[in-house]
Amino acid sequence: MNVLQNVGIGSAINRVDGLQKVTGRARYAAEHPVPGLLHGVIVSGAIPKGRIVTLEDSEARAVPGVVEVLSHKNRPHVAWFDRSHKDMVAPPGSPFKALYDDKILFSGQPIALVIAESFEVARYAASLVRASYEVEPHNTDFHKAQAERFMPSKKRDTYHPPKNRGDADAAFAAAPVKVSAEYHLATEHHNPMEMHASTVVWEGDGSLTVFDKTQGPQNVRDYLAGVFGMSASTIRVMNPFVGGAFGSGLRPQYQVYLAVMAARMLQRSVRVVMTRQQMFTHGHRPEALQSVQLGAERDGTMTAIRNSATTSTSRYENNMEDVVIWGMMNYACENAAGEYAIAPVDTATSTDMRAPGAATGMTFFEMAVDELAYAAGIDPLEFRLKNYSETDQMNGTPFTSKALREAYAEGAEAFGWSRRSQAPRSMKEGRELVGWGVATGMWDAMFSKTSASARLSANGHLEVASAASDIGTGTYTVMTQAAADTLGLPVEQIAVRLGDSSLPKAPVEGGSWMAASVGAAVQLACRSVAEKLLSAAAKMQNSPLAGASMEAVRFSGGRIALRDDPARGVAITEVMRASGTDVIAVEETASAGISGMISQMRKSRNTHSAIFVEVRVDEELGVVRVTRVVNAVAAGRIINPKTARSQILGGVVMGISMALHEESMTDHRYGRFMNHNYAEYHVPVNADIHDIQVIFVDEPDPEVTPLGVKGLGEIGIVGTAAAVANAIFHATGKRVRALPITIDKLVDDTVAP
Amino acid sequence: MSDVAPISIAFAAMPITLTINGHERRLSVEPWVTLLDLLREREDLTGSKKGCDHGQCGACTVLVDGRRMNSCLKLAVSLDGASITTIEGLAEGDRLDPLQQAFMDHDAFQCGYCTPGQICSAKGLLNEGRARTRDEVREMMSGNLCRCGAYTNIVDAVMQVLESRGQIKEAAE
């Protein structure tokens, strides 16, 4: 009997890097020991806009242990041209260049780096650096910035413009049932638990090893090469462990630039770690305003969609997101018009944060759909099913798969939706108002060209490697399982290397494409190893596998055996020994291929989800508790149900956070995010999170990506905040259209029930 | 600038003795060095994490004489004679603490950065003997932020260990 545990694709094995994480042995960017290390502490500027007039560093330099104070006055040369400062995911514009000159572009901009023999000395000396400024008028008020709303001529290359259909204006005017609402999303900061940090190792020959907090080590390597005019071959960027990122590590952050600058100038190893406060001085989810107008027939058939949004960017780069397309794609409605633009404020450039665009745009659209369902007097789930579309309505293309209907059904069943009463305020329990809300989530199922190597040793040990990243998403585990699946080896015999720019080429970890992409690359590489093994096995004396094709054999339990007669086979180690092979090493690249590219043109590829939420609201205090969540996700093939579930749990928690807690508050007089710490920037704590159930609905889809995997990093957050907001309406009768829904908004009597 | 020589730091350091993960350490520490920075930068015990440096996130939680504390809020010199247990000191050789195993089995982390603090905090919670229900665990583990949102799995892991120790309250939530 075969008692081997299945560890391949589809099995819920424990995260393979778990032991390192629970024992404290996993080292993050600021934790790699280096002899003779210097510590750099960043001095942040005090004004939002203008220029530095004087920068006084003599007091700081006088502190024993201070080695150097870097500023625009004495910095070494960096590339002149913007294009040399652009990283591979930079939006159009002129990238921020720290210490480049005396100009201040945003509050908290780094103006100096104090480098000392110890962290404590550097921190103290940094407090002694004094700057005076010439202040220019600034604006950080996004509502005022609407006057400067514009559509840049050079679009971000990930941007998809909305495609209109029918006559939305006329249909909206004629609709017997309609809603029109304005929504607002506060700026959010990613705030991963690990602060952005870099340890730059000066290798003595001018080459650098850089341990960096990033979602893309090759992106950082190429960026540093451009900025400092170095050959990419002299820079090795490592990120074996990343303490969360959620998008904040897609682009290289300024601490790596400063640390490398200091290391090159001083020819010593340097570590720079941002403070939590400084984590509010770079990328953030853009602030957003969205206007949704929906029309329907009296029976609830949607007839008109008008969807318009603005998101914030900086004055120096044009960050754009896909905000308005989601609802236009998802619903059967003959008339739809979308419109989108950006508006600049004097902050750092906004950046991608978990499900960029969709977390904002689908959330607000789903809040508007709830309003329309109520206007039509129809159960909000029934309303969605009535307007369900099997095809991508905006692009007029079929989906490779769309099991959203099944997600609605399984989610509703698990939640008990049929026991809901429609009227707001109708489900009171004790002193709490109970509300049940539903919403839909949607994200892209993307695939990105990725390479991986596989190296099988004579002892049967396999190493697979790719310059991918694991930011908590489970990439180590995904790669292990893709390898185990192909070569039938136990987990203990598989080592995964990632987080190293010197490994085979991989994209940044983002967009939910990593599992599908690197999983396919590992599978290809391992299949190539398998073919070589079989060929060697067939040549063995009296080989039971002579003449057998790849399809006729199975790799399992460290053996290659005939599928039809598993007793006839050989051990992999035996094949290696018999053929006198020390090692089989291959590298393969997974790309969409011609059929994939044709499919991409002809079909839409998306994940979908249905989220059901129960809230309990204490009306006297305005306190909201999210007591139950069911998130039913249709995301193709699931590589590991355990780590996949965690991805969705995390997305749901961040969605609850978006609905109730997260808000970077600006004091517009100073143009600064004032609540720049974990005490005042609220994220959920353990006590805020109750029961969350995750369901993966069956959705076989061999066409979407080579493994049939769609990706899970973003879908968990999309729509979750809408389900919470809709449940709050159901509980209280109040529509709060500005997220987060804080206590003040609920107890405010001026909001009509 | 390459000829800048390392400058020795001439501040008055104070002698202290700490027992760190069972090993007695005689140290010379400036009075402004936090326990967290001492552990991370001088003792190469980087399992204790810095997430805010202000006692707001709990990533730096260690056990001081068996009690959970935010090591970023403790000056090392104030702990002379104390016994410190960090995440590196929880396992006995290859034998993991039951909490460490439970965290792995329940996938009670993703990025892993808050994990050492969560586990040390849970260890402190068990030592306190106060939490006996899910709600109590949720409440008393709320000093440890997890941005990846692994909270429900963290509670599952802690409850499993509570249960195995017979510390659970029947008919709890």
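Select Arg134(B) to begin: in this predicted model the residue is partly exposed, at a relative accessible area of 25% (buried means under 20% relative accessible area, exposed over 50%, and partly exposed in between, with a 1.4 Å probe and protein chains only). Being a predicted model, it is read with pLDDT of at least 70 for local features and 80 or more for side-chain atom pairs, while totals for chains, interfaces and linings use all residues. Residues are numbered from 1 along each chain as its sequence is written, chains are lettered from A and ligands numbered from 1 in the order in which they are written, and side-chain values use heavy atoms, with hydrogens and water left out.

The side chains of Arg134(B) and Asp156(B) meet in a salt bridge of 2.8 Å, N to O (a side-chain nitrogen of Lys or Arg within 4 Å of a carboxyl oxygen of Asp or Glu). This pair links distant parts of the chain, 22 residues apart: Arg134(B) belongs to helix 4 (residues 134-140) and Asp156(B) to helix 5 (residues 151-164) of chain B. Helices (H or I, at least four residues) and strands (E, at least two) are DSSP runs, numbered from the N terminus.

Now display the whole of chain B. Chain B has five helices and five strands, and from the N terminus on its elements run β-β-α-β-β-β-α-α-α-α. Its C-alpha atoms fill a box of roughly 65 × 35 × 30 Å along the principal axes. Of the 173 residues in chain B, 54% are buried.

Bring chain A into view and turn to the interface. Here 57 residues of chain B are in contact with 70 residues of chain A (heavy atoms within 4.5 Å). The two chains bury about 5200 Å² between them, 56% of it on carbon and sulfur atoms; buried area is the accessible area (1.4 Å probe) that two parts lose on being put together, summed over both.

For the charged pairs across this interface, the rule finds eight salt bridges. Select Arg123(A) and Asp53(B), which form a salt bridge with their closest N and O atoms 3.9 Å apart. Helix 1 (35-42), helix 2 (98-105), helix 3 (115-128), helix 4 and helix 5 of chain B each supply at least two residues of the side that touches chain A. Helix 5 of chain B gives the largest share of that side, five residues.

Arg735(A) lies in the loop between helix 17 (720-732) and strand 31 (738-739), and Asp370(A) in helix 9 (residues 358-376), so the pair ties together parts of chain A that are 365 residues apart in sequence. Arg735(A) is buried at a relative accessible area of 15%, and Asp370(A) is buried at 2%.

Then select Arg737(A) and Glu371(A), whose side chains also meet in a salt bridge (2.8 Å, N to O). Arg737(A) lies in the loop between helix 17 and strand 31 and Glu371(A) in helix 9, so this pair ties together parts of chain A that are 366 residues apart in sequence. Arg737(A) is partly exposed at 31% relative accessibility, whereas Glu371(A) is buried at 10%.

Finally, select Lys49(A), Glu148(A), Arg315(A) and Asp346(A), which are linked in a network of salt bridges. Over all chains, a search of the whole structure finds 60 salt bridges.
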